[in-house]
Amino acid sequence: MEDTDSSSNNHVIEESVSEIEEVFPGSPTSANAEVVIEVRNLRKYFSIQSKSLLFTKTLGYIKAVDGIDLQLFSGEVLGLVGESGCGKSTLSKTIVGLEKPSLGQVWYRDANIHQPIDKVERLQIRRNIQMVFQDPYTSLNPRRLIKDTLEEPLLIHHPEMTKEDRLGAVYKILQQVGLESYHGYRYPHEFSGGQRQRVGLARALIMNPEVILADEPVSALDVSVQASILNLMQDLQSEFNVAIIFIAHDLSVVKHVSNRVAVMYLGRIVEIGPTEEVFDRPSHPYTVSLISAIPFADPTVKKRKVILEGDVPSPVNLPPGCRFSSRCYKVQDRCKEEDPILELKRGNTWSACLFPEDEPVLFFEER
Ligand SMILES: Nc1ncnc2c1ncn2[C@@H]1O[C@H](COP(=O)(O)OP(=O)(O)OP(=O)(O)O)[C@@H](O)[C@H]1O
Ligand code: SF4
Ligand SMILES: [Mg+2]
C-alpha cells in the first residue's frame with residue numbers, strides 16, 4: 001500500500017479493475033427509474049500517522065468506507081442509517097467528490113466522478129450532484145449576501161444568463177423553499193436554523209440537479225421545524241424529481257421520507273431494500289436492533305428492545321469474519337471466520353448475514 005497523499009490524510013490504493021466485483025444490490029422502486037449514481041467497490045481509508053521532526057510514520061488506517069456497491073435510481077429517496085462513526089458522511093462526501101476514494105469508483109450516469117474526461121464533464125457532474133449539510137451555516141460564506149451565494153453557480157454554469165434572469169431565478173427558488181425575495185438581501189447570521197436550512201436547499205436546487213446528498217439535514221433543528229423542512233423536502237423532491245440520499249440518525253424520519261433504506265455498519269452496507277420491506281421484516285440482526293430502538297408511544301403495547309451488548313470494534317482493527325459478531329445476538333462460531341457478503345435474501349431486500357432472520361420479528365406484545 002502506497003501512501004500518496006499523506007498531507008491531506010488521504011490514503012490512495014492503486015486500483016485494479018479485475019478486483020472490482022460487479023454486484024449492485026437493490027432494485028428500482030419504479031419501473032421507469034434509471035441508474036443515476038453507481039458506486040463500485042468503494043473504499044475510503046484515512047491514514048493514522050505519527051509525526052516527528054524528520055519522519056512521518058503510518059501507524060494504520062481507519063477504514064471509514066470499506067467496500068460499498070450501490071445504485072441510486074432517478075427520483076428515489078434512499079435513506080442511509082447507522083450509528084455514529086459508521087461512515088455515512090464519508091460515503092456521501094466521496095460520492096459527491098469532496099473526498100477521493102482509496103479504491104473503487106463512483107459513476108454519475110456514464111461519467112466517472114473522480115476522473116471526468118474534460119472540463120465540460122466536470123461542470124456537468126458538479127451541477128447535477130449537490131450536497132445539503134447538517135448545518136448550512138458552516139458552508140455559507142458569512143460575508144456574502146444570500147442572493148450572491150445563490151447567484152454564484154448560475155454565473156459558473158450559465159454564463160449566458162443576464163443579470164435580470166439570474167436575479168429572477170434567485171427570487172423564484174427562494175419562494176419555492178418558502179422564503180421571500182428580500183431574504184436574498186440578508187447575510188447567513190440573520191436567519192434562524194430552519195430558514196438557513198431552506199437557504200441550503202435553495203442553493204442545492206437552483207441548478208436543478210439530478211442528485212442531492214443530504215447529510216443529516218434536519219438533525220440540528222427543533223422537532224417542529226424538522227417537520228416543516230421534511231415536508232418541504234418531500235414537496236421539492238417530487239416537484240424537481242431529484243434523487244436523494246438522505247442520511248439520518250432518526251429511523252422514524254428515514255421511514256417517513258425514503259423509498260429504500262440502506263443500513264451501514266462499520267464501513268459496509270449490511271442491509272438494503274425497499275423501506276416497507278426492511279422495516280416490516282428486517283433480515284440483519286443489526287437492523288433488528290435499530291428498529292427495536294425506535295420509540296413507540298402506545299401505553300397498551302410493549303415494545304421488545306434488542307439491546308446490543310459488547311463493544312463496537314475499532315474501524316482500524318476490524319475483527320475477522322462478520323464485523324458485527326462481537327455484538328450480535330445470533331452469533332455462531334462460523335460468524336467469527338466467514339465475512340458475509342451482501343446477498344438478496346427475500347423480495348428485494350439484500351442483507352450481509354450468515355444467519356438472517358427468516359421469520360418476521362415480533363417487536364410488540366400486549367401489556
Ligand atoms: N478526515 C478524516 N480524517 C480521519 N478520519 C476521519 C476523517 N473523516 C472521518 N474519519 C473517521 O472515519 C470514520 C467514519 O466517520 P464519518 O464521519 O463518515 O461517520 P458518520 O457515520 O457520518 O458519523 P456521524 O453519524 O457521527 O456523523 C470515523 O471513525 C471517523 O473518525
Ligand atoms: S453473520 Fe453471524 S454475527 Fe454476523 S450478523 Fe449474521 S448472525 Fe450475526
Ligand atoms: Mg456524519
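These legends describe close-up views of a predicted model.

**View 1. The shell around ligand 1.**
Ligand 1 has 13 residues around it. Among these, Phe46, Ala64, Ser84, Ser89 and Thr90 come nearest. Two elements give two or more residues to this shell: strand β3 (56-73) and helix α1 (88-96). Which element gives the most? The answer is α1, with three residues. Sorted by class, the shell around ligand 1 has five nonpolar, seven polar and one charged residues.

Is α1 mostly covered or mostly open? It is mostly covered, since eight of its nine residues are buried. The buried residues of α1 are Lys88, Ser89, Thr90, Leu91, Ser92, Thr94, Ile95 and Val96. Two of them, Ser89 and Thr90, are also among the residues that come nearest to ligand 1. Glycine 97 follows α1. The phi of glycine 97 is positive, near 100°.

**View 2. The shell around ligand 2.**
Ligand 2 also has its own shell, with 13 residues around it. Which residues come nearest to ligand 2? They are Cys322, Cys328, Lys330, Cys335 and Cys353. By class, the shell around ligand 2 holds 10 nonpolar, two polar and one charged residues.

**View 3. Helices α3 and α4.**
Two packed helices are described by the angle between their axes and the distance between the axes. Helix α3 covers residues 146-157, and helix α4 covers residues 163-176. Their angle is about 120°, and their axes lie 10 Å apart. The two helices are therefore oblique to each other. The range for roughly perpendicular is 65 to 115 degrees, and roughly antiparallel needs an angle over 145. The crossing of α3 and α4 is right-handed. On the α3 side, the contact is made by Lys147, Leu150, Glu151 and Leu154. On the α4 side, Arg166, Ala169, Val170 and Ile173 make the contact. By class, the contact has five nonpolar, no polar and three charged residues. An α-helix has 3.6 residues a turn, so residues three or four places apart point the same way.

**View 4. Helices α5 and α6.**
Helix α5 (residues 193-205) packs with α6 at an angle of about 15°. The axes of α5 and α6 are 10 Å apart. How do these helices lie, roughly parallel or roughly antiparallel? The two are roughly parallel to each other, because angles under 35 degrees count as roughly parallel. The crossing of α5 with α6 is right-handed. From α5, the contact uses Gly193, Gly194, Gln197, Arg198, Leu201 and Leu205. From α6, it uses Val225, Ser228, Ile229, Leu232, Met233, Leu236 and Phe240. These contact residues divide into eight nonpolar, four polar and one charged.

Asparagine 41 is not a glycine, yet its phi is positive, about 45°. Asparagine 41 is found in strand β2 (residues 35-51). Is asparagine 41 buried or partly exposed? It is partly exposed, with 18 other C-beta atoms within 10 Å. Glutamate 216 is not a glycine either, and it has a positive phi of about 50°. Where does glutamate 216 lie? It lies in the loop between β8 (211-215) and α6 (223-240). Glutamate 216 has 19 C-beta neighbours inside 10 Å, so it counts as partly exposed. A residue needs 20 or more to be buried.

Glycine 310 sits in the loop between β12 (301-303) and β13 (343-346). It has 11 C-beta neighbours inside 10 Å, so it counts as exposed. Glycine 310 and serine 326 are 16 residues apart along the chain. Their C-alpha atoms are separated by 5.8 Å. Leaving aside neighbours within four places in sequence, glycine 310 is in contact with Ser326 and Arg327. Threonine 58 is placed in strand β3. It is partly exposed, with 13 other C-beta atoms within 10 Å. Threonine 58 and serine 326 are 268 residues apart along the chain, and 27 Å separates their C-alpha atoms.

Notes: Residues numbered from 1 in each chain as written. Chains lettered and ligands numbered in written order. Predicted model: local features only at pLDDT ≥ 70, side-chain atom pairs only at ≥ 80, totals over all residues. Near = placed C-beta within 6 Å. Nonpolar A, V, L, I, M, F, W, Y, C, P; charged D, E, K, R; others polar. Helix = DSSP H or I, 4+ residues; strand = E, 2+ residues; numbered from the N terminus. Axes fitted to C-alpha atoms, helices over the stretch in contact; angles between N-to-C directions. Left-handed = near helix turned anticlockwise from the far one by under 90°. Contact = placed C-beta atoms within 7 Å. Buried ≥ 20, exposed ≤ 12 C-beta atoms within 10 Å, placed from the backbone.
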